[in-house]
Amino acid sequence: MSDPGNTAANVVGAERSLGQLVASATAEMSALVHDEIALAKAELRQDVQRGVMGGAAFTVAGVFVLFSLPVLSFAAAYGIHNLGLGLAWSFLIVGGTYLVLAALLALLAVAKFKKVKPPEKSIASAKQTAAVLQGVKPHTRPAQDKVAV
């Protein structure tokens, strides 16, 4: 940073006209906005990469869970069979448990779907905006005569 008491900097600033100062400020603001946009793009790019990697890891985890379900189902059925029940009954118990769980989740889903409502605030806002815009008339501009130079 420059020293505020530096007379050479003050003299240079005093020699510049108001137009030059405004042009300089405008250029610096434009550069600042461009730099901020570049920074936002870089941050978003990093976040997207992290999101993709997280999504891929979650997908692979889901695939492993799906692959483990048959193995765990067989293990549960054979575990029940080891308790003294017939093998067929053991598999029926495991399968029935899955059907009961599926039915409970379906009931939960139906209850959640019944609670879904239309976006009332957005609809009201859109109607209000449409009403305001219908009352607006376009601004007529006076015709400009062409002047030959």
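G95 is found in helix 3, where helices (H or I, at least four residues) and strands (E, at least two) are DSSP runs numbered from the N terminus. The model is a predicted one, in which local features need pLDDT of at least 70 and side-chain atom pairs count only at pLDDT 80 or more, while totals for chains, interfaces and linings use all residues. Residues are numbered from 1 along each chain as its sequence is written, and side-chain values use heavy atoms, with hydrogens and water left out.

With a relative accessibility of 29%, G95 counts as partly exposed; buried means under 20% relative accessible area, exposed over 50%, and partly exposed in between (1.4 Å probe, protein chains only). The C-alpha atom of G95 is separated by 8.3 Å from that of S73, 22 residues apart along the chain. S73 itself is found in helix 2 and, at 13% relative accessibility, counts as buried. Once its neighbours within four places in sequence are set aside, S73 is in contact with V94 and Y98, contact meaning heavy atoms within 4.5 Å.

This brings us to how the two helices meet. Two packed helices are described by the angle between their axes and the distance between the axes. Here, the axes of helix 2 (residues 18–82) and helix 3 (residues 87–114) come within 8 Å and cross at roughly 130 degrees. The axes are lines fitted to C-alpha atoms, for helices over the stretch in contact, and angles run from 0 to 180 degrees between N-to-C directions. Helix 2 and helix 3 are therefore oblique to each other, since angles under 35 degrees count as roughly parallel, over 145 as roughly antiparallel, 65 to 115 as roughly perpendicular and the rest as oblique.

On the helix 2 side, the contact is made by L69, S73, F74, A76, A77, Y78, I80 and H81, and on the helix 3 side by L87, S90, F91, I93, V94 and Y98. These residues divide into 11 nonpolar, 3 polar and no charged (Ala, Val, Leu, Ile, Met, Phe, Trp, Tyr, Cys and Pro count as nonpolar, Asp, Glu, Lys and Arg as charged, and the others, Gly among them, as polar).

L92 also lies in helix 3 and is exposed, with a relative accessible area of 54%. Between the C-alpha atoms of L92 and A77, 15 residues apart along the chain, the separation is 8.3 Å.

Finally, the chain as a whole has 4 helices and 0 strands, and of its 149 residues, 3% count as buried.
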